[in-house]
Structure formats: structure tokens, C-alpha cells
Amino acid sequence: MLAALLSEIPYWGQSLLRVLGGLVAVLLPAGTVVYLFLFKMMSFMQSRLGPMEAGPYGSMQLFAEVGKWLQKEDIVPDAAAPEARIFKLAPLIVLASTFLLVVVVPFGPDALFTNFETGIFYALAVSSVSVLGILIAGWSSANKYSLLGGLRAAGQLVAYELPMVLAVVGVVIQAGTMNLQQIVVAQNTGSIFGFDGVGNPYVITQFVAFIVFMIAVQAELTQTPFDMPIAESELVSGYMTEYSGFRFLIFFIGEFATAGVFSMIASILFLGGWGVPFSWFGWTTIDSIDNWMNVGGPLILFTKMLVLVFFIMWIRFSFPRFREDQLQRFAWKGLIPIALANIMLTAVLKVAF
Amino acid sequence: MTMLGDRQQLAYIASQAADARVNVELETEGMTLNIGPQHPATHGTLRIIARLDGEQVLWAEPSAGYMHRGYEKLTEVRTYPQVTALVNRIDWLGSFANEVPFILGAEKLMGVEAPARAQHIRTILFELSRIANVSLFLGDLGVQLGAVTPVFFAFRDREYVLNLIEGATGGRFHPNFDRIGGLKDDLPAGFIEETHSVMKKLRNFCDEIENLLFGNEIFQSRTRGIGVIPKDVALQYGLSGANLRASGVDWDLRRDQDLPMAWNKADWKVITHPDGDSFARCWVRLQEVRESTKIVDQLLDTLPAGPVMAKVPKIIKVPEGEAFVSTENPLGEMGYYVVSQGDQGPFRVKIRSASFNNISIVPWLLKGVYVPDIITILASLYFILGDIDR
């Protein structure tokens, strides 16, 4: 099978393949999300057409934008010059967190980068690395608006980490594993009261956790209504104010790539990930899966990701934003108790059945 | 007051000094944030100096004047017909409404009155510019609070109104259409039917905004109870327009004044709201757009026949005297105090614009609020920079 094929390639070749795969897995969702949702869907919602000139229906617009950004000067503000190295490092840290996140995402039975036993735990841990980047960016910009934005981001991301973790706990209890690959298998081999036609996607049994997780993702991505750290009309883009050209592009890619990767993780946890219900093709275990799923799986995962990002963007374009204190109240008084209750209920039912 | 001995006084001073030192040592340093002159929330170049403790405002003050264009002085070297071209740049979103009080003031001095048809058309265009102005406010409100979509709806539907104004006057933003004694031209063919259909679209737009924005819980939690102006404070600071009506004061110059305009020939309501918070101010404006569409519809149906220009001399000389005329403009009360010495141009014009008085309440209102609420409050007070700085 594919795993056997891979092991014949020398180590440097494997590493090269992984790097290329990682680039594709991060940049492709980011590009698709930006074009489909940020350019087109947003425009259609706002009774306009969006980009139409570059390529058919503006599909090459993204390349034009990237080209524009690459040509711009890499400006470091005078006041930030003493800390120029840290200032320049910040966007890279934000993007690095996205790349670290994609490492554990399984795309098919063998199409994965690493098979961590504690995959989801690792994912939740590295997703908060981006907070460091944002704090550094806010502080080192030597700009009051950026500082306020960075501090708001830190407060918000820390607050919303908790409901996210608690929402995932429900899934982990039900699946009995933290390994993302095995969570996918558990959903697709499962059955609902003996009916295995659609497997057992956890979005049905863990619906509350799914909603809490998606709200927390919205906040982690600092999308409206949780975009206090960016807040164009108040903080003039917050921690991103002083960045230009290539470094702004990295922030931009980071934002939308993270949206894609988080949606992939959400679809793995709740929608059955790359898999189709195994009963459709008579598979029983992960080893008996046909090889074509290594191509089909990523496509299925990609489709599910787009559906979830659609909802994220839909909310983003239609809601006003919360105030900082309202946002914290929502996390601590609303989401966390709900997630805790969900854990208790799941644990009781798990023991009962 | 009790008299203190020297020793007691010294001890008192020493203890005060000691307290002061402790306070100095414990005091955390505040941060002064300049919001503006270039800032997306200031609609131009208003600067707000805010002293912050964390995100809480300790003290704030608006600093106007970055866009001062000296219109009061400029009017002294213009003839009366030329002045309208200047003053419709004061509140650039509702420019026709700026011309009307000046022309009315000059007419009052000359003892001329526009024919009934001209009065009707003036009122219609006045209300159209109010609709164009306030509908953009309703969309912009969304952007200030983080909702990006409503503003595009606002731009889309305002465009229909601007097309009407352009069709009638030839200018989208700066009509320069009002003349002493009447109007430059009559309405174009097809204007009445077109306007009726546009007013229907605008009422739809109001419903859309009400559903999308005003019904949203986040919007309500951001605006309700934020920036409350009680009735007496609003009166003391000289607020006018929707800001005053949102504090529960039933005051509308369109109804309360007897001007040669056609408002009293239509059936409409003055909208007030008892709360005085940001939500009330936005809500009152939304309802006023609806009322304005009603006024326009009714006046179009009762448009009298006749000329649109009274008999006035070719070269206008205004007799000696002084007059003050103010109207209820989109932003509030706008008035011109015209002093004439019998020349072709005014000797002195004092412009009373609404926004200048409306933002005078900002230092009082911003004390103790959070940074995001600054934006909400400024957005709901609704000022236009040209109207502040003139």
C-alpha cells in the first residue's frame, strides 16, 4: 500500500514530500477560502460582483494581490526600529502556528504527516502559539492602537481556548481516543442504534459541543463578531496596523489558512473527516480501505472544510462585533458552563450505554 | 468654617502632602490616545484626545478645526446667488438642505416669497437630501460597529435618491439649485412616478436595516444604555435634531416654525424616544427616514401648478437689515444670521450648524466609557466634519 511505497523513498525525499504537502495543505485552503468567500461570497451578499477582471470571474485576482504585496516596501516604523528583529518575527510565529497545526490533520487512510497518539491535544496546544505572535506584534509595533489590539487578542484567545478544549473533551470521551485518525475511523465504523448507513458522525450526538467548538473557532480566528483585536473602525486593524507588504501578507495568509485548518479539525471531530461510512464499500478496519481513498479522502475533507468555512464567513459578514467585556462574559458565563454540562452528560451516557 | 491654628495648619498641610505623595506613587500611568485626525470613525478629520486608563476613558475632548474652510468670511466677498454654491458644501451629504435656510433668510430681508409650486419642490428636495443623508448614516452605523454588509445596502439605495436629485437639479452632491425667489428650474418629466417607486425602495431599505441591524442582539447590547443623554443635559448643551428628539424632547423646527415651506401641507409625525441612549438616536433617525418618504409621497401628489420663480430683479440687492432663519436639517438645526448693508453680497453671515453644537457634548458623554463605546457614541451622535468646521 501507500505506506509501504513511501518507506522505499529515501529519508530526504520523504521530508521533501512532507514539506510540499504541508505547503499545499496550508496554502490551498487559504487561497480557496479567500477567493470563494472573501472575494465572491462577500460581494454577492453585499449586492456587488467582486473582482471580475483578473482571469475568468476574477479567479486570478489572488495572484495579482500577492504580486502587489510582494512588491511593497517592508516598512519598520522608526519607533519600532530598536526591536526590529522581534517586529519582523511576529507574523512568522503566527503562520508557524498554522503549519504546526496542519501536521496532525489526517487527509486519508495513509495520507497524513504524522500519526500522533495525542493528536487533538497537540493541536489545541499549538494553536495558541499564535497568541505569542500577536502579542509580540502588538507590543513591538510601538503604536497605541496596536498595543490595545494585541492585549485584546491575548485576553480573547486565552478565554476562548477553554470552551474549545472542553468541547473537544466530549468527543474524546465518546471516541475513547485522542488520535485524530482513530476518531475518524470511530465515526465511520460506528452506527446509530444499529443503523450504520451514515456511520455515526459526532455532530449528531455531540451537537452542543459542535456549536460551542465552532463559536470558539470563530473567536480564535478573530472573525466578526469576535474581531475586537482587529476592529478596523476602532483600532484601525489593531496589531496589524504597522505591517506592510510581505509581512502583512503573512498575517493575511495565516488568518485564512488557520480558518481552513480549524475547519478541517472541526470536520474531523464532528463530521467524519476524510472518511465515508465504511459499510458503503464493505470495509471493516482502516487497513482494509481501498487505496483510492488517499486521493478521495482529501477531497472529501476539503469539501467539508468549505462547508464549515462558509458558515464562519457568513456570520462574519452579517454580524456587528461584541465589546471586550461582553465577549469575556459570553465565554465565561455562557460557553464554558454549557461545555462542562455537555461533558458530564456525555460521560454519564457513555457509562450507561 | 473653623479657624485653624498655625500648628494645626502645618500639620494639615504635611498630611495632605504625605497623602499626595502616596497617591503619586500608587497612581498608574494613563495613556493619551489621539483618535484622529485621520481615523476611520471620524468621518473626516476630527481629532478626539482621550486620556485612557486601560480601555476606560478618563477624559476626552474633541479638537475641531482641521478642515476649516472659512465659509463665513468667504460669503462676505460673494454675491447672494453665489453663496449657495459655497454653503451646500457644509453638510456634503445633504447639501440641498444647506441652501434653503440661507435663501429663506435673504428672501425674508427682501420681502419676496417663492410661489407655491417652488415651495413644494423645495420641500421635496429638502426631504430627499435628508433621506440620502440619513440612509448613509444607517449603513455607516453598521461599519462602525463591525458589520460590513449594511453599508453596501445603504450605498446602493442612496444612489437611487442621488439619481433623483441629479435628475432634478443636475448635481448629485452639490445641486446649487435654490434661487432667491424660487428655483432654477421645474421638475423634469417622469420625476413624480420615479420618485414614488424610489420611496418604496427606501421603505424596503428601512425594513432591511431594521431586520439586519436593529433587531440584532449584539447591536442592541452595544447600543442600549450606552451614551445616555438625559433630557435636561441635552437641552443645556444645545443639541438639536434627532439627538434631541431621542432624549425625549418633542421639538422639530419643520413643525414648530411657520416658514414658507410645504411641511405643514403633509401629514407626518415627529418621532421621539424616551431613552436618550445610542440606540434611541439611531432608531429615531431610522423612523425619520420613513416619515420623510411619506412627506415626499404626499407632497408629490398635491403638487400645485404654477411658476417656480417669483418676480425678482436681475441683479439682486438685498435691503439693509438682519435676519435669522433656521430649518430642521438632517443633522439638526441649521441657521444663517444674515446681515445686509444693501449691497449685492451679505455684509456678514453667521452660520449656526448642527454638528458643531452636537459634538460639544462629547467631553461630558465620553467620561468613563470604554474605547469601543467611543465609536458607538460618535457614530450615534452623527456629525459631518464639514458641518463642524465649516
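Two residues are in contact if their C-beta atoms, placed from the backbone, lie within 7 Å. By that rule, 23 residues of chain A are in contact with 26 residues of chain B in this predicted model. The points below cover this interface, a helix pair of chain B and strands of chain B.

**Interface of chains A and B**
- On the side of chain A that touches chain B, two or more residues each come from helix 7 (144–175), helix 11 (232–235), helix 13 (293–318) and helix 14 (324–352) of chain A.
- Helix 11 of chain A gives the largest share of that side, three residues.
- By residue class, the side of chain A that touches chain B has nine nonpolar, six polar and eight charged residues.

**Helix pair in chain B**
- Helix 6 (residues 150–169) and helix 7 (residues 191–214) of chain B have axes that come within 10 Å and cross at roughly 165°.
- An angle over 145 degrees counts as roughly antiparallel, so helix 6 and helix 7 of chain B are roughly antiparallel to each other.
- Their crossing is left-handed.
- Helix 6 of chain B contributes residues including Phe153(B), Tyr160(B) and Leu164(B) to the contact, and helix 7 of chain B contributes residues including Val198(B), Leu202(B) and Phe205(B).
- The residues of this contact are 13 nonpolar, two polar and four charged.

**Strands in chain B**
- Strand 1 (residues 31–35) of chain B pairs with strand 2 (residues 47–53) of chain B in the antiparallel sense over five bridges.
- Asn34(B) has Ile49(B) in strand 2 of chain B as its bridge partner.
- Strand 2 of chain B also pairs with strand 3 (residues 56–63) of chain B, in the antiparallel sense over seven bridges.
- Asp53(B) is opposite Gln56(B) of strand 3 of chain B.
- The hairpin of strands 2 and 3 of chain B has two residues between the strands, and Gly54(B) takes a positive phi near 65° there.

Notes:
Residues are numbered from 1 along each chain as its sequence is written. Chains are lettered from A and ligands numbered from 1 in the order in which they are written. This is a predicted model: local features need pLDDT of at least 70, side-chain atom pairs count only at pLDDT 80 or more; totals for chains, interfaces and linings use all residues. Helices (H or I, at least four residues) and strands (E, at least two) are DSSP runs, numbered from the N terminus. Ala, Val, Leu, Ile, Met, Phe, Trp, Tyr, Cys and Pro count as nonpolar, Asp, Glu, Lys and Arg as charged, and the others, Gly among them, as polar. Axes are lines fitted to C-alpha atoms, for helices over the stretch in contact, and angles run from 0 to 180 degrees between N-to-C directions. Angles under 35 degrees count as roughly parallel, over 145 as roughly antiparallel, 65 to 115 as roughly perpendicular and the rest as oblique. A crossing is left-handed if the near helix is turned anticlockwise from the far one by less than a right angle, and right-handed if clockwise. Two strands pair if DSSP finds at least two bridges between them.
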